[in-house]
Amino acid sequence: MILIIGAGDVGTNIASDLTETHDVTIVDRDSGRIDALTSEIDVSGIVGDGRSVPVLREADIDRADIVVASTDSDAANIMACNAAKRSGDPHTIARVKDIGLCRTWQSLDGGLGVDTMLCIDVLAAEAVTQTIVLPGARAVDTFAGGQVEAAEFEIRENAPVAGQTIAEADRYASTTFAAILRDDDILIPQGDTVIQSGDCVVVIGGLSDISRFADAVAPQPALDSDDDIVIVGGDELGYQIAQQFEARGWAPQIAERDPEQVDALSTRLQGASIAETDIANIEGFNPDLLTNADLVVGAVDDDTNYLLAQLARERDVTSTAAIVDDPEIVEIFESTGIDVVVHPQDIIAGKILQAVYGPGPENVSVFEHDSAEVLEVVVDKESVLTGNSLRDAANQLPAGFVIGAIIRGGQLQLPRGNKIIQTGDRVIAFVDTDVASEIAELI
C-alpha cells in the first residue's frame with residue numbers, strides 16, 4: 001500500500017498514476033481536496049494531519065510499503081515521515097525546498113525518519129541547465145552514468161527530418177526514435193511513420209549522436225562559452241541555477257532586488273555578477289540587463305517569469321527559459337515560444353515513481369508532464385526481456401514500450417529488432433505512463 005501525505009498537485013498526480021496498479025491512500029487536512037480526489041479516482045481519502053499518529057493509524061500506516069510526504073511545508077513533511085517510521089516500517093520520501101535541510105539529512109547518512117529526500121530547487125536547477133545546453137531540447141535526462149541521454153525536441157517546419165519517415169530519418173548512429181508526441185497522442189513509431197512538423201519526438205541514445213541530432217533540428221545554435229546568461233531571481237533556486245552554469249564554465253549575471261540577498265550571492269558565487277534591481281516590478285526592472293543577453297532564465301514567480309520571457313523576446317534575446325510551478329499554466333508557457341519550460345513537479349514525480357516501482361528501475365524520468373516515462377533497468381534472469389530479441393520482447397509486453405538504448409559491458413549497443421537481450425544488460429526504455437507500472441514489474 002502507498003500512503004501519500006498531501007493532496008496538492010504532486011500528491012494528486014502520483015495518486016492518479018498509481019491507483020490502477022496499487023492500493024493508494026491519501027491524507028490531507030482539506031476535506032474539499034479529499035472529496036474532489038476520491039470522487040475522481042479510486043483512492044482512499046483521510047481528512048487529517050499527516051503528522052498525527054492517530055491519523056496515520058486511521059490510514060492503515062501499518063500496511064504501508066511507501067509513504068510520500070508532499071505537503072507545501074518542509075517541516076511537516078519531515079514530521080510526517082518520522083511519525084510514519086514510529087508507526088510502521090515503510091520507505092519514506094520527503095519533498096523539501098530547503099537545501100540546508102537536505103544537506104543536514106545527507107550529513108546524517110539519512111536519518112530524520114526519511115529514507116529519500118528530494119530537494120526541489122536542486123533538481124529544478126539541474127534540469128534547466130541540462131536542457132538549455134542541448135540546443136532545441138524541451139526536456140533532457142541522462143542515464144547509465146551519463147552514457148545515454150533521452151531528449152524531447154519539437155520538429156520545426158524546416159527541420160531536416162520533417163516530412164521524412166523514421167527509416168529515412170534514422171541516420172544518427174546510436175540514436176533511437178522512441179516516441180512521437182502528436183497533439184494529445186503518444187505514438188510508438190514504426191519505420192514507415194512520417195515525422196510531421198509540429199511533432200515532438202523523444203530520442204534516446206549516446207550523447208554525441210543526440211548532440212548531432214539537436215544541432216540538426218534546433219532553431220538556434222548551442223550556447224557558446226562566452227555567451228551572456230541572465231538569471232532573474234536570486235533566491236535558492238536562482239543560486240542553484242547560477243552554480244550549475246558556473247560549473248559548466250559560464251559566468252552568469254543574476255538580477256535580484258533584495259540587497260541582503262545580493263550581498264550573500266556575491267559571497268557564495270565565484271564568477272557570477274549580481275545586479276540589484278526590482279525584479280518583481282516589470283516597470284521598475286532595468287531592461288538594459290537584457291540588451292546583450294543570449295539567454296534569460298526566469299527563476300521568480302510564474303507571472304513574473306512569463307512577463308520577463310516576453311520582454312526578453314521583444315529585446316531579441318536568443319533563448320528564454322522559465323521555471324513554472326503551477327501545472328495549470330505550463331502549457332501556456334510552452335505555447336508562447338519560451339524555449340525551455342521546467343516544471344519541478346514533473347521531476348519530483350519521476351523520483352517518487354523510482355521508489356514506488358521498487359528494486360526494478362534504477363532511474364525514472366517523466367516526460368510530457370507525466371504522460372510518458374523513461375526507465376533505466378538492469379536486466380536480471382526474472383525479466384521477461386532475458387534471452388529474447390527486442391522484437392520478441394515487444395510482442396510480450398503491452399503497447400507503449402520501446403527500448404531506446406542498451407549498455408552491455410560498459411559499451412552502448414544499438415537496439416534493433418534482432419538484438420538478443422542478456423542478463424546484466426542495462427536497458428533504457430520509453431514507456432507510456434498508462435502501462436508503466438505493469439512494464440516496470442515485468443522487465
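Does arginine 182 count as buried or exposed, and at what relative accessibility? Arginine 182 counts as buried because its relative accessibility is 18%, where buried means under 20% relative accessible area, exposed over 50%, and partly exposed in between (1.4 Å probe, protein chains only).

The model is predicted: local features need pLDDT of at least 70, side-chain atom pairs count only at pLDDT 80 or more, and totals for chains, interfaces and linings use all residues. Residues are numbered from 1 along each chain as its sequence is written, and side-chain values use heavy atoms, with hydrogens and water left out.

Arginine 182 belongs to strand S9, residues 176–182; strands (E, at least two residues) and helices (H or I, at least four) are DSSP runs numbered from the N terminus. Its side chain makes a polar contact of 2.8 Å with that of aspartate 199. Such a contact is a pair of N or O atoms within 3.5 Å; within protein, one must be able to donate a hydrogen and the other to accept it, and residues adjacent in sequence count only if both atoms are side-chain atoms. Leaving out residues up to four places away in sequence, arginine 182 touches Leu187, Val194, Gln196 and Asp199, a contact being heavy atoms within 4.5 Å.

Some whole-protein values follow.

| Item | Value |
|---|---|
| Helices in the protein | 16 helices |
| Strands in the protein | 22 strands |
| Buried share of the 443 residues | 55% |
| C-alpha box along the principal axes | roughly 60 × 60 × 40 Å |

Among contacts between residues at least 6 apart in sequence, 58% join residues at least 24 apart.
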